[in-house]
Amino acid sequence: MSKKEKSEKFENGAFKVSREPFYLPQGNEIAIFEAAHKNQFPELRNGPTGSGKTRLVEYMAWRLNIPLYTVACHDDLSANDLTGRYIIKGDEVKWIDGPLLMAVQEGGLAYLDEVVEARKDVTVVIHPLTDHRRCLPVEKRGKVFQAPENFMLVISYNPNYQSVLKELKPSTRQRFVSINLGWPKEDLEVRIVSREAGVDETTAEKLVKAANRIRNLVHQGLEEGVSTRELVYAGTLLRNGLSVRDSLQSTMIEPLTYDSDLKKSIEEVLKNYFNF
Ligand SMILES: Nc1ncnc2c1ncn2[C@@H]1O[C@H](COP(=O)(O)OP(=O)(O)O)[C@@H](O)[C@H]1O
Ligand SMILES: [Mg+2]
């Protein structure tokens, strides 16, 4: 399902998730998310790349029927990008709200994806939103904005690949209700891959079984195991009629490593399940 089909963009940059996204829970994460929202607690989701962090947030925005403001954090993203800034337009100075300020003013789910990537001042600016104050101070406006009841802050990060320098500080982590999920269990992941890629369960099962063996190669120096997302890509390419070699090479080998020995090991694993 494309983003266009399931969401419509609001004027203000938020998404209304108007169709139910497919989300298969790994455990109690939906109930925990709902309880956090009800009690106005912020939530932290960590887990490896492509393991369903964003999908869960989209699903919850739909389920709670609130707009979704997603910010993909990167190392240049500063607090001002979240709160807003003055811009000069002709001889006019105009204030532009940032996505976090929009969510605080209008209510909704503010999702800061890969938050540790952002500059340090981002952590500072979100602190008052994560406790009983639930407010966003915007220094440049000289104002403190109070978050409404249906505002919820959700952050995600991937603790595996980030460097120690980019760990979230315990003082920040301990402000959130946290869900820590890894790869889905085999039978769940088979259902996800089969449904998302549109392949039969036998093919999905081979992809997932191979993936779980590839994930074990992290002990041999593989940085991160193959993601559910890549398995969905692999299945989709196979369904599109691409050769097995091309489908697997481009989704389950190439994206994982530059190391030729590791590539060979991954290929060996895949050959136990597929002929190519
Ligand atoms: N629990 C799940 N239910 C449904 N789809 C999932 C689930 N986990 C992963 N996926 C699939 O994997 C893809 C990547 O998930 P995503 O949420 O974008 O990962 P990330 O953790 O990087 O945010 C999704 O587009 C979806 O196809
Ligand atoms: Mg994501």
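Select Arg63 and Glu34: their side chains meet in a salt bridge, 2.8 Å from N to O (a side-chain nitrogen of Lys or Arg within 4 Å of a carboxyl oxygen of Asp or Glu). The pair joins distant parts of the chain, with Arg63 in helix α3 (residues 53–64) and Glu34 in helix α2 (residues 29–38), 29 residues apart. Helices (H or I, at least four residues) and strands (E, at least two) are DSSP runs, numbered from the N terminus.

This is a predicted model, in which local features need pLDDT of at least 70 and side-chain atom pairs count only at pLDDT 80 or more, while totals for chains, interfaces and linings use all residues. Residues are numbered from 1 along each chain as its sequence is written, and side-chain values use heavy atoms, leaving out hydrogens and water.

Next, select Arg119 and Asp76, a salt bridge whose closest N and O atoms are 3.3 Å apart. Arg119 sits in the loop between β7 (108–113) and α6 (120–126), and Asp76 in the loop between β4 (68–72) and α4 (79–83).

Then select Asp81 and Arg85, which form a salt bridge at 2.8 Å, N to O. Move on to Arg55, Glu58 and Glu196, which a network of salt bridges links. The count of salt bridges comes to 13.

Last, select Ile88 in strand β5 (residues 84–89). Is Ile88 buried or exposed? Ile88 counts as exposed because its relative accessibility is 68% (buried is under 20% relative accessible area, exposed over 50%, partly exposed in between, with a 1.4 Å probe and protein chains only).

Key:
Chains are lettered from A and ligands numbered from 1 in the order in which they are written.
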